[in-house]
Amino acid sequence: MKRYLPFILLWVTSLPSLGHELQSVALRLDELPNGLVQATLKTPLSREGEPVAVVPHFRGGCRPIGEARVERQPEIVLRQWRVQCSGDLSSQVLTIEGLSPRMPDAVVTTQFMDGSVQTAVMDRNDPVLPLRRTTLRMAPAELTAYIPIGIQHILLGPDHLLFVLGLMLVVFASGRRMRTLVLALTAFTLAHSLTLAFATLGIWGLPAKPVELLIAMSIFLLAWELAKAPVRQAQGLAPSLTLRNPWQVAFVFGLLHGFGFAGALADVGLPEQARGWALLLFNLGVEIGQLLFVLMVLCSLALATRLFNKPWSQAHANGLVVLLGGVASYWTLDRGMAWLEVLRLGA
């Protein structure tokens with residue numbers, strides 16, 4: 001175990017920089033009389049608290065007029081300006097520069113003068129969108145774009161993945177296998193789907209900073225319970241509630257993770273004419289990403305056992321618990337300080 005410690009520590013120090021949510025851009029265009037367009041761009045702040053450089057362009061004779069109004073908020077930057085076009089907005093082609101792997105998508109909502117609305121998701125690999133009037137509520141291809149957004153969100157959000165990994169370790173440490181794992185993952189899914197819907201539809205929500213802090217603390221709790229389990233067993237004590245009923249812990253903390261998913265979806269935005277479908281498809285993408293991660297972990301364990309001819313042991317589990325606890329501790333301190341800074345600035 002000692003000879004692998006430097007590699008574990010290297011991994012631990014590289015994960016914290018990835019611990020924040022997948023970031024997205026939202027652009028709204030409102031067509032006004034005489035070729036004017038009101039543009040509203042919502043971009044996230046970087047991890048260092050700096051505005052992210054994202055620039056929309058029109059291919060078709062549109063130019064910005066006047067000064068842009070910029071409003072900096074705790075999590076995002078709002079930029080509003082007007083554009084003068086020589087023709088209809090429906091004849092323009094929009095491009096967006098500045099999308100990146102950590103900010104791969106932009107949701108563009110266009111409100112035309114006749115009342116029709118176009119909602120589309122632009123990808124960083126093809127950030128070009130022809131603006132078109134439509135009488136359809138929303139094209140199916142545009143709606144299904146919310147599935148890869150959900151998949152990208154969870155696969156690029158290591159805090160959610162580490163919680164799922166901790167949940168798997170708890171199930172294995174309790175001596176139970178697939179039935180309990182399926183039950184725990186189902187409870188986690190139901191819980192975060194519930195609060196995701198509540199927060200996204202405006203029924204009930206929580207601020208992003210304390211939610212991120214509590215998510216980090218939920219991972220630390222799993223690591224703490226896993227570290228205590230061998231000690232309790234050696235002392236002849238009964239397993240803790242976490243090991244006895246992993247599904248209960250998964251459900252409780254799944255409620256918190258749902259608010260975290262809602263923060264990312266709020267950054268992306270939902271189309272007014274198909275909010276329910278977009279929410280459902282985003283959540284489906286999250287579940288697909290979660291299942292892919294679980295399958296990847298199980299396949300990696302099976303492959304390692306076959307290659308090295310060594311079964312999974314307590315030493316391997318201890319190494320993962322150290323990783324889990326180390327990263328969760330860093331995130332707890334980092335996010336706690338970030339929240340205190342927000343409170344200080346708002347005081």
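Predicted model: local features only at pLDDT ≥ 70, side-chain atom pairs only at ≥ 80, totals over all residues.
Q: Buried means under 20% relative accessible area, exposed over 50%, and partly exposed in between (1.4 Å probe, protein chains only). With that in hand, is Ser 218 buried or exposed?

A: Ser 218 is buried, with a relative accessible area of 0%. Residues are numbered from 1 along each chain as its sequence is written, and side-chain values use heavy atoms, with hydrogens and water left out.

Q: Where does Ser 218 sit, and what is it in contact with?

A: Ser 218 is in helix H6, residues 208-234. Helices (H or I, at least four residues) and strands (E, at least two) are DSSP runs, numbered from the N terminus. Skipping neighbours within four places in sequence, Ser 218 contacts Phe 163, Phe 253 and His 257, where contact means heavy atoms within 4.5 Å.

Q: OK, zoom out. How many helices and strands does the chain have?

A: Ten helices and nine strands. The chain has 347 residues, and 45% of them count as buried. Of the contacts between residues at least 6 apart in sequence, 72% join residues at least 24 apart.

Q: What about Thr 195, which helix is that in?

A: Thr 195 belongs to H5, residues 178-200. At 2% relative accessibility, Thr 195 counts as buried.

Q: What does the side chain of Thr 195 reach?

A: The backbone oxygen of Leu 255, at 2.8 Å. For a polar contact, the cut-off is a pair of N or O atoms within 3.5 Å; within protein, one must be able to donate a hydrogen and the other to accept it, and residues adjacent in sequence count only if both atoms are side-chain atoms.

Q: Which residues make the H5/H9 contact?

A: Among them are Leu 185, Phe 188 and His 192 of H5, and Phe 282, Val 286 and Glu 287 of H9. The contact residues split into ten nonpolar, six polar and two charged. In that scheme Ala, Val, Leu, Ile, Met, Phe, Trp, Tyr, Cys and Pro are nonpolar, Asp, Glu, Lys and Arg are charged, and the others, Gly among them, are polar.

Q: At what angle do H3 and H9 pack?

A: About 45°, with the axes 7 Å apart; H3 covers residues 146-155. That makes H3 oblique to H9. Their contact includes Ile 147, Gly 150 and Ile 154 of H3, and Leu 281, Gly 285 and Gly 289 of H9. The breakdown is twelve nonpolar, five polar and no charged.

Q: Last one: what is phi of Asn 34 like?

A: Near 60°, a positive value in a residue other than glycine. Asn 34 sits in the loop between strands E1 (25-31) and E2 (36-44), and Asn 34 is exposed at 72% relative accessible area.

Key: Axes fitted to C-alpha atoms, helices over the stretch in contact; angles between N-to-C directions. Parallel < 35°, antiparallel > 145°, perpendicular 65-115°, else oblique.
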